[in-house]
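Subject: Structure handover

Hi,

Here is the structure I promised you. My notes on what turned up follow below.

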Amino acid sequence: MLVALVITATSSGCGQDAADGVTLKLVAADYGSTGANTSEKYWDDLVRAYEKETPGVKVEVTVLSWKDVDREVAEMVERGEAPDMAQIGAYADYAQDGKLYPVDNLVSIPTQANFLPMLRQAGEVERVQYGLPFGASTRMLFFNRELFAEAGAKPPTDWTELHGAAQKLKAKGVKFPFALPLGSEESQAETMMWLLGGGGGYRDTSGAAYQIDSPANIDTMTWLKEELVGEGLTGPVAPGELDRQQAFDAFVRGEVGMLNGHPTLMEAAEKAGVKVGKVPLPGVNGKAKATLGVADWMMAFKQNGHRKEIGDFLDFVYTDKNVLEFSDRYDLLPVTVTASHTMGTDPEHAALRPFLEELEGSELYPVGDTSWAKVSESVKKNIGRAVRPDGNPRAVLEQIADAAKAAEASAAVR
């Protein structure tokens, strides 16, 4: 991602009441991959349109890279300088600490009711919604059509077929037959996709407890270690040292046969001349029970007391026009019912329909649990060791499970 970008959408105010009204402060993540498509442009256009319609309210937007934004917001809150709004990766800790407005005290009833039900529910802590979903995506298996044709491989529908295709790609000299990014950048996502494919996941079927070291999960990581990594089918970089962006960049260069990808990668690869194929994530015995669904979150802090003005601005943010503009610009999926329907019926968005279809049955991170942030960090730090030649999948998963139990215990006494 880009280095931190900071922009000011208006020239007056510092998040306090201005002489002629109110100035709201928003910190947002940057979804752009270059200076040409930074989120700065999206927010600048949106804020200008809003301020034109709403005299007396100014909005300042600070855009930071994903690498920095969660940390920067946490430090602002710690200093007692919380922004009015933050659009970042997690909300539950702030909600648990009583720092956020409940959504039903902010936006209009039509706005709140229009969020996709599964995303609205994922924004809840103890059945109260604090997180407003902002941008969603799902994952599918991407493959390079030309490399597959040259290798005589077919798109896989289960792990046995995936293994066979990877062997054929390796025999043809493909650098990364299957790119497996288990480095620290986003290995919690890659891991979850494989666990779901093996019939497991981070949580049990009720969603009430972690099951990280379940037999199904141990079998999954053992399969990855022995059948993919152990046979040299994941390329020259050890999975624990391969970050998601490195894998995506290699796919765009035509060096990867297969990987798990999202819509943004599809557009980047096709612009580079890669003929992209995509199929639902394979599982151990057919299609995976679910794919990974991901949503980022908008939240509103109580500190500055601008509840009414924040709510009015967020009603504007979540109009179909603005939701679709954001989704179009960054190849993400809309988070509202009406915008999703519009995209799904628009021929210009035909390439995104498979992702929209997968979203409904996808499984999201347990973002409503205050323990999830620590569990996620433990996965990112440790999971790569599970598939090393000298790795012990059971021991690594048990270590992460112990971290999950400790995180849950800590959250319970907050």
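Arginine 48 and aspartate 44 both lie in helix 1 (residues 39-53). They are 4 residues apart, about one turn of the helix. Helices here are DSSP runs of H or I with at least four residues, strands are runs of E with at least two, and both are numbered from the N terminus. The side chains of arginine 48 and aspartate 44 meet in a salt bridge at 3.1 Å, N to O. A salt bridge here is a side-chain nitrogen of Lys or Arg within 4 Å of a carboxyl oxygen of Asp or Glu. Arginine 48 counts as exposed because its relative accessibility is 53%. The terms are set on relative accessible area: buried is under 20%, exposed is over 50%, and partly exposed is in between (1.4 Å probe, protein chains only).

Before you read on: this is a predicted model, where local features need pLDDT of at least 70 and side-chain atom pairs count only at pLDDT 80 or more, while totals for chains, interfaces and linings use all residues. Residues are numbered from 1 along each chain as its sequence is written, and side-chain values use heavy atoms, with hydrogens and water left out.

Salt bridges

The structure holds 19 of them. What does arginine 71 form a salt bridge with? One partner is aspartate 68, at 2.9 Å, N to O. Another is glutamate 75, with the closest N and O atoms 3.8 Å apart. Arginine 71 and glutamate 75 both lie in helix 2 (residues 69-78), 4 residues apart, about one turn of the helix. Shared partners join Asp68, Arg71, Glu72 and Glu75 into one salt-bridge network. Aspartate 68 is buried, at 18% relative accessibility. Arginine 71 is partly exposed at 40%, and glutamate 75 is partly exposed at 34%.

Aromatic pairs

The count comes to 23 aromatic pairs. The rule takes rings of Phe, Tyr and Trp (its six-membered ring) with centres within 6.5 Å; planes under 30 degrees apart are stacked, over 60 edge-to-face, and the rest tilted.

Take tyrosine 50 and phenylalanine 316. Their ring centres are 5.3 Å apart and their planes are at 55°, so the pair is tilted. Tyrosine 50 lies in helix 1 and phenylalanine 316 in helix 12 (residues 307-317), so the pair ties together parts that are 266 residues apart in sequence. Both residues are buried.

Now phenylalanine 134 and tyrosine 318. The ring centres are 6.2 Å apart and the planes are at 85°, so this pair is edge-to-face. Phenylalanine 134 is in strand 7 (residues 132-138), and tyrosine 318 is in the loop between helix 12 and helix 13 (320-330). The pair links distant parts of the chain, 184 residues apart. Phenylalanine 134 is buried at 4% relative accessibility, and tyrosine 318 is buried at 6%. Both belong to one aromatic cluster, whose members include Trp43, Trp66, Phe326 and Tyr330.

Helix 13

Which residues of helix 13 are buried? They are Asn322, Val323, Leu324, Phe326, Ser327 and Tyr330. Their cover includes helix 1, strand 7, helix 11 (263-271), helix 12 and helix 14 (337-344), where contact means heavy atoms within 4.5 Å. Just after helix 13, aspartate 331 takes a positive phi of about 50°.

Best wishes
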